[in-house]
Amino acid sequence: MSCREMPRSSVPDFLGEAPRVFNDATTMQPRAPASVPVEARNGARVKVRDMRPEGVYRPNYSFLTPNMRSPQYVQMSMAAAITLGVMNGAMHRTACTRCLNLLLTYPEGCRANCAYCGLARHREAERNYADRNFIRVDWPAVPYEEVLDIVAAGGDGGRFHRMCISMITHPCSDEDTRVVLKKWVERLKHIPVSILSNPTTMTRQDVQELKDLGADIFTVALDACNREIFDRTRGRGVQSPHSWAKYWEILHAAADIFGPEHFGAHLIVGMGESDRDVLTQVQKIRDLGGHSHMFAFFPERGSLMDHLPAVPRPQWRRIQIARYLIDYRGHRLEKMRFDESGTLIDFGLPQDEIDAVIDAGVAFRTSGCPGKEARDISACDRPYGDSPPRDIASYPFKLNRSDIRKMRRQLDAGMADGCGCQSGELR
Ligand code: SF4
């Protein structure tokens, strides 16, 4: 998130390679999680040492990690910490984030084991929960009352358009999310709250309670774009408790309870699915009244997929455009054409309409819950959460003419590289 990138590691990102059409399922196999020694399980190291936290904790692998627990403590993205002045730092081409992303925290951490995620349980042996990287950055831990005080005193300079509570898979997260939400709404009602839910531990009643307590938008991180990839990356394939059916059950509950434009789902592109798989989910979510929040797959350091290539830019760019057309231009999947492998070869619109969308640049910006600017511009801009600044996947700011030229080059690379169409034919 910061222009101070994550520490260098040997993890390849493959961004410099010749363009591929898409990340195929055969390539995108997570490695198996190793077993965790008993003395490292369930946050035992942190709980046995039981260091008292004092103020802000910045992840530091050389210090003992304090025993911090929500709702007293929350973690926040590095971009949010810089925006709030909790941490010093600068970000490439942007001064702030528009969304305060908060993450519940416990010594036991998330009990799930999603293959692409830096917070996953298999990392217990290697790194305590509060020290783990997540979407490419560290997440400092801050006393929640301090967060409330700083924002209430205007410490964000009016820059936050939204706050988001990220639940994790933990037995206390349902109750603690309610506490964090209630306290926020009591003091900071003018900044709407999104919930990034954990469907595995939730019932329809839990969704209703969050709505009644004042949550504005409810999101479900489906992440995987088909059932097979879901099972492989966050279900039985990696000894993780999630199920596709349960996630869709809670997504349907959110559609009923929160209503159109007030729910959404996260999807990660490039984990072995086809373009048709991604856009089928996007259309389903739009037909229910929600929006898709897209993430480019990036090999998160320390995850079970950190040896795998980032999503090829041509695949990502054509999906960004197609998703934007479905979500904000009323276009439909049925009008698009795919080749036999499910790769998108025709948007189903005249070229001048596609050109106008490319030139506007909004389709290439980070997607997520909206802020005050426009309904198609996300408050949640997650600076550099799915790419390094040297090859931005989701733009956290308005694109300039040079950026747009780059988008065209990346789209053209896919078109010329065997996606089944000649240059100029992808419409
Ligand atoms: S449930 Fe969420 S936080 Fe936990 S491992 Fe999976 S993706 Fe990461």
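Strand 1 (73-76) and strand 2 (99-104) run antiparallel to each other and pair over three bridges, where pairing requires that DSSP finds at least two bridges between two strands. Within this pair, Val74 stands opposite Leu104 of strand 2. The helices and strands named here are DSSP runs, numbered from the N terminus, with helices (H or I) of at least four residues and strands (E) of at least two.

The structure is a predicted model, in which local features need pLDDT of at least 70 and side-chain atom pairs count only at pLDDT 80 or more, while totals for chains, interfaces and linings use all residues. Residues are numbered from 1 along each chain as its sequence is written.

**Confidence**

The mean pLDDT of the chain is 91, and 93% of its residues reach 70 or more; pLDDT is the predictor's confidence in each residue, on a scale from 0 to 100. Over residues 1-8 the pLDDT is below 50, and this stretch has 25 contacts in the model beyond near neighbours in sequence, a contact being a pair of residues whose C-beta atoms, placed from the backbone, lie within 7 Å. Residues 416-427 also have pLDDT under 50, and for them the model has 29 contacts beyond four places in sequence. Where pLDDT is low, the predicted coordinates should not be read in detail.

In strand 4, Cys164 is the bridge partner of Asn101.

**Helix 4**

Helix 4 (residues 173-188) has 16 residues and reaches 21 Å from its first C-alpha to its last, close to the 22 Å expected at 1.5 Å a residue, the expected span being 1.5 Å times one less than the number of residues. Its buried residues are Ser173, Asp176, Thr177, Val180, Leu181 and Trp184. Because these residues cover an arc of only 135 degrees around the axis, they lie on the same side of helix 4; the arc is that of the directions from the helix axis to the C-beta atoms. Glu175, Lys182 and Glu186, on the other side of the helix, are exposed. The elements against which the buried residues of helix 4 pack include strand 1, strand 2, helix 3 (144-152) and strand 4 (162-166), together with strand 5 (193-196) and helix 5 (204-212).

**Strand 7**

Strand 7 (residues 263-269) has six of its seven residues buried, so it is largely enclosed by the rest of the structure. It pairs with strand 6 (residues 217-223) in the parallel sense over five bridges, and His266 in strand 7 is the bridge partner of Ala221. Strand 7 also runs parallel to strand 8 (residues 291-296), to which six bridges join it, with Gly264 opposite His291 in strand 8. Strand 7, helix 8 (residues 275-288) and strand 8 make a right-handed β-α-β unit, meaning that, with the strands pointing away from the viewer, the path from the first strand over the helix to the second runs clockwise.

**Backbone details and a loop residue**

| Residue | Phi | Location |
|---|---|---|
| Asn42 | about 55 degrees | segment before helix 1 |

The peptide bond from Ser70 to Pro71 is cis, with omega near 10 degrees, and Pro71 lies in the loop between helix 1 (44-49) and strand 1.

Asp376 is found in the loop between helix 10 (351-360) and helix 11 (401-416), and it counts as partly exposed because it has 16 C-beta neighbours inside 10 Å. Not counting residues up to four places away in sequence, Asp376 touches Tyr328 and Val362.

Notes
A residue is buried if 20 or more other C-beta atoms lie within 10 Å of its own, exposed if 12 or fewer, and partly exposed in between; C-beta atoms are placed from the backbone. Two residues are in contact if their C-beta atoms, placed from the backbone, lie within 7 Å.
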